[in-house]
Structures are given as structure tokens and as C-alpha cells.
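Please look at the model below before reading on. The report covers strands, rings, charges and surface.

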Amino acid sequence: MGDVAVTTHGGTGATGVTGRCTYLSAPGGTGIAPTGGSVAGGATVPFTGSGFTGATDVSFGGTPASSFTVVSDTQITATSPARSAGVADVTVTTPGGTSTTGVTDRFTYLSAPGVTGIAPTSGSVAGGATLTITGSGFTGATDVSFGGTP
């Protein structure tokens, strides 16, 4: 906290309790988890760091979070907004400024995978056939199912 004084040709104004200013630091982020989600948005994303009390905005690459809750001075939980596929820096804004960005606060938006082909197109009801599935967005796939059966 510091005194605020105004000086003109007539002199310097007196300072006192009403002439004080509090200096606020910008928040700092140290990490998010999960680090990615759907382009449709809706992922719950805890963000850790410091100086989050009084946060007025959480943004994903400049797009405001759908919602956010300040859990404590060191944690915010935000809901990712819908965005196009790619990487977005997550930032927190408080009266002290906006957090800087870095590798620990990046959220990757992923498109749903698209299947463009299957070979062969038929097989035994007993299963066990090896299939080749072609398309895009398969990186990180966690499941492949046939008619709802894994």
C-alpha cells in the first residue's frame, strides 16, 4: 500500500487514509487438468496457481469460460467453452491483471474422430476378424465398438 499525492503549480496535495492505493499482483497459473477436451466444450477444468481471489474472468484462448468458480486463492474450476480444434491458453483475470501464459496452462480442443472406411466390410458372427479402419482424429482413441459392442 502506498500514499497517492497529486502535485500541481499550487503545491502537493496532502495524503492520508483516503489517498492510499493498494498494489495488486496479476494472478499466476501453474497447471490445468485435464489438458484437453471436445470442441463442443463442457469440460470441467481445475486450474491451479495463485492470486485467484476476486477473479473476474477465465478465458480459453480469448473465449470466456462458460462458467467458473473461485475455489480458493490457488484454485479455480472452469467449464471450457466451445471452440474450434487446436490449442488454447487458459488465462485468469483479476483486478491485478491477467495471468501470463505458458506450457502449463494449455488446453487442446479435439474434434470427434471421423470414420471414412472399413476393410473388410463383413466378417464372422463369432468375431476375431482383423479390420482396418480409416479416417481422422484417431490419436488418443480409447475405444472401438461394433454396433455398441466393444
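The text starts with conventions and then moves from strand pairing to side chains.

This is a predicted model, in which local features need pLDDT of at least 70, side-chain atom pairs count only at pLDDT 80 or more, and totals for chains, interfaces and linings use all residues. Residues are numbered from 1 along each chain as its sequence is written, and side-chain values use heavy atoms, with hydrogens and water left out.

## Strands and sheet

Helices (H or I, at least four residues) and strands (E, at least two) are DSSP runs, numbered from the N terminus. Two strands pair if DSSP finds at least two bridges between them.

An open sheet is built from 4 strands, in the order S5-S7-S11-S10, with antiparallel pairing. Its edges are strand S5 (28-32) and strand S10 (67-72), each of which pairs on one side only. From one strand to the next, the twist averages 25°. Such angles run from 0 to 180 degrees between N-to-C directions, and the axes are lines fitted to C-alpha atoms, for helices over the stretch in contact.

Across from Val 70 stands Ile 76 in S11.

| Strand pair | Sense | Bridges |
|---|---|---|
| S8 (residues 57-60) and S12 (residues 86-94) | antiparallel | 4 bridges |
| S8 and S9 (residues 63-64) | antiparallel | 2 bridges |

Phe 60 takes part in both. Its bridge partner in S12 is Val 90. In S9, Phe 60 stands opposite Thr 63. The hairpin of S8 and S9 has 2 residues between the strands, and Gly 61 takes a positive phi near 60° there.

## Aromatic rings

A pair of aromatic rings is described by the distance of the centres and the angle of the planes. Rings of Phe, Tyr and Trp (its six-membered ring) pair if their centres lie within 6.5 Å; planes under 30 degrees apart count as stacked, over 60 as edge-to-face and the rest as tilted.

The whole structure holds 3 aromatic pairs. One of them is stacked: Phe 47 and Phe 52 lie 5.5 Å centre to centre, with 20° between the planes. Both Phe 47 and Phe 52 are buried. Here buried means under 20% relative accessible area, exposed over 50%, and partly exposed in between (1.4 Å probe, protein chains only).

Phe 107 and Tyr 109 have ring centres 5.0 Å apart and planes at 75°, so this pair is edge-to-face. Phe 107 is buried, at 0% relative accessibility. Tyr 109 is buried too, at 2%. Ring pairs join Phe 60 to Phe 107 and Tyr 109 in a cluster.

## Cis prolines and a buried strand residue

Which residue does a cis peptide bond join to Ala 33? The residue is Pro 34, with omega about 5°. Pro 34 lies in the loop between S5 and strand S6 (36-38). Another cis bond runs from Ala 119 to Pro 120, with omega near -10°. Pro 120 sits in the loop between strand S15 (114-119) and S16.

Ile 32 belongs to strand S5. It counts as buried, at 9% relative accessibility. Ile 32 and Phe 52 are 20 residues apart in sequence and 14 Å apart in space, C-alpha to C-alpha.

## Salt bridge

A salt bridge is a side-chain nitrogen of Lys or Arg within 4 Å of a carboxyl oxygen of Asp or Glu. The structure holds 1 salt bridge. Its partners are Arg 106 and Asp 89, with the closest N and O atoms 3.2 Å apart. The pair links distant parts of the chain: Arg 106 is in strand S14 (residues 106-110), Asp 89 is in strand S12, and they are 17 residues apart. Arg 106 is partly exposed, at 36% relative accessible area. Asp 89 counts as partly exposed as well, at 25%.

## Surface patch

Patches are made of residues with over 30% relative accessible area and no salt bridge; like charges are joined within 9 Å, nonpolar side chains (Val, Leu, Ile, Met, Phe, Trp, Tyr) within 5 Å. Accessible areas come from the Shrake-Rupley method with a 1.4 Å probe, and for residues only the protein chains shown count as cover.

A nonpolar surface patch is formed by Val 115, Ile 118, Ile 133, Phe 138, Val 144 and Phe 146, with about 510 Å² of accessible area together. Phe 138 lies in the segment after strand S16 (132-136). Phe 138 is partly exposed, at 31% relative accessible area.
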